[in-house]
Amino acid sequence: MDFEMGADAAALRRQLRDLVKEHVPEDFLGAFTDDPADLAVAQQFCRVLAEQELLCLAWPEEFGGRGASVWEQTVVREEMWAHHEPRGAQYMGVNWVGPIIMRHGTQQQRQQHLPLIACGEVIWCQGFSEPEAGSDLASLRTTARPDGDGWRITGQKIWTSYATMAQWCFLLARTSRQEKKQQGLTIFLVPMDDPAIQVRPIRTMLGPHHLNEVFIDELRVTPADVLGTVDQGWSIVQDVMSFERVGIARYARCEQLLAAAPTALGDRWQTLPDELRSRWVRMMTHCRRARLMAYRVVALQAAGHVRPGDAAAYRIAVTRLDQDSAEVLTDLAAEVTDDSTYARWFKAEVADHWRYSQASTVSSGSIEMQRILLSRVMLAAR
């Protein structure tokens, strides 16, 4: 199948690859390592993209974008993930925080937040999951109780990526008890430097910054901090999940590493066991399948009628691809005997990919919940 998008998209890919080559070190393994210089690289690269109106390419011009098509933004998304996401944590603001604020925010909220995201100057984190409300998010216990003309929020969030570096949090809390647990939830946009918010990092093999606990003690919020309508936050959460799950183009990362394998192995590639080469071919096919599913959801989003089940199907495919490809790539890396710079790069990249893949079927909604969601959609359509 031909996935090419035309001459303009090809030129955009070349431009992005040239920028990566110029501004991102060859041994860059993401922004969230133990070396603070890696985060600095990502932040500076975001500014470079913003200066050329490439960071938020598909955003309307009034919000700092270029008004480009969703397909051009898909090119940006693929090239960034293929090159180890040198935007760092900015993809969260670009892919879903900004678009959600455009869709549900007030004019004041748009003016306050969107220009900073478009300039690459602000990092957001997502205050959703809790110790007893991860996959079953609507069971959260963080509560916003009335206080004058506003609320006081108290609770705990967990697995919060980038909380140690974020300036703002997209926070979900319960504002009332209603018949259904999905009702009575509200989204608040809150600054992370408020003294009522404390962050405790969770060390994992993914490196610093990825996972954190966030403790909220009597955080004062006002109606100006509410995104959308009070008690109606669940509909926004569903929008968030659709944007977030499609925005992570891991298939591009998997395909790049798989394509690099023959070069890394050199002459050894021709003598690999047939079974291992067959697994490599199967994974390349799965990459193309995940790409096709992503394009289908992008097309639905562009038409304005994407459904949660569409995003769930894609998410299932791409997270399984992450893990299955990691196993094949690990076996291929074990066959690399050369000590060239390229071979060492390949083995380091594969090791990092394997570490990331271990959490892929849990992050952004577990694969079990995605299957339940997709099953409900399919049953409802019968």
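# Exercises on a predicted model

The second largest pocket holds about 870 Å³ of space. A pocket is an open set of points on a 1 Å grid over the protein atoms alone, with protein on both sides within 12 Å along at least five of seven lines. Its volume is the space filled by probe spheres set on the points, which are joined across faces, edges and corners.

Before we start: this is a predicted model, in which local features need pLDDT of at least 70, side-chain atom pairs count only at pLDDT 80 or more, and totals for chains, interfaces and linings use all residues. Residues are numbered from 1 along each chain as its sequence is written, and side-chain values use heavy atoms, with hydrogens and water left out.

**Exercise 1. Describe the lining of the second largest pocket and find which domains it lies between.**

Step 1. Take the residues. Lining residues have an atom within 4 Å of a point. The pocket has 29 of them, and Arg17, Glu79, Ala82, His83 and Gln256 lie nearest its centre.

Step 2. Assign them to elements. Two or more residues each come from α1 (7-23), α3 (70-82), α7 (250-265), α8 (274-303) and α10 (341-357). Helices (H or I, at least four residues) and strands (E, at least two) are DSSP runs, numbered from the N terminus. With 6 residues, α7 gives the largest share of the lining.

Step 3. Sort by class. The lining has 13 nonpolar, 4 polar and 12 charged residues. Here Ala, Val, Leu, Ile, Met, Phe, Trp, Tyr, Cys and Pro count as nonpolar, Asp, Glu, Lys and Arg as charged, and the others, Gly among them, as polar.

Step 4. Bring in the domains, whose bounds come from an automatic or database domain assignment. Because domain 1 (7-122) and domain 3 (246-381) both give residues to the lining, the second largest pocket lies between them.

**Exercise 2. Check the span of α1 and locate its buried residues.**

Step 1. Work out the expected span, which is 1.5 Å times one less than the number of residues. For the 17 residues of α1 this is 24 Å, and the end C-alpha atoms are 24 Å apart, which agrees.

Step 2. List the buried residues: Ala9, Leu12, Arg13, Leu16, Leu19 and Val20. Buried means under 20% relative accessible area, exposed over 50%, and partly exposed in between (1.4 Å probe, protein chains only).

Step 3. Turn to the face away from the buried side of α1, where you will find the exposed residues Ala7, Arg14, Asp18, Lys21 and Glu22.

**Exercise 3. Do the same for α7: find its span, its burial and what follows it.**

Step 1. The 16 residues of α7 should span 22 Å, and its end C-alpha atoms are 23 Å apart, which agrees.

Step 2. Count the buried residues. α7 is mostly covered, with 12 of its 16 residues buried. Among them are Arg250, Arg253 and Glu255, as well as Leu257 and Leu258.

Step 3. Gly266 follows α7 and has a positive phi, near 60°.

**Exercise 4. Which residues line the largest cavity?**

Step 1. A cavity is a set of points where a 1.4 Å probe fits but cannot get out. The structure holds 2 cavities of 30 Å³ or more, and about 40 Å³ of space lies in the largest cavity.

Step 2. Its lining is formed by Gly127, Lys157, Cys169, Leu171, Val190, Met192, Ile197, Val214 and Ile216. By class, 7 are nonpolar, 1 is polar and 1 is charged.

Step 3. β4 (168-174) and β7 (212-221) each supply at least two residues of this lining.

Step 4. Now take Phe170, which is also in strand β4. Phe170 is buried, with a relative accessible area of 0%. From Phe170 to Leu189 is 19 residues in sequence and 5.1 Å in space, C-alpha to C-alpha.

**Exercise 5. Where do His84 and Asp231 lie, and are they buried or exposed?**

Step 1. Recall the background: most residues other than glycine have a negative phi. His84 has a positive phi of about 70°, and Asp231 has a positive phi of about 75°.

Step 2. His84 is in the loop between α3 and α4 (90-104), while Asp231 is in the loop between β8 (226-227) and α6 (233-247).

Step 3. Check accessibility. His84 is buried at 12%, and Asp231 counts as buried at 19%.
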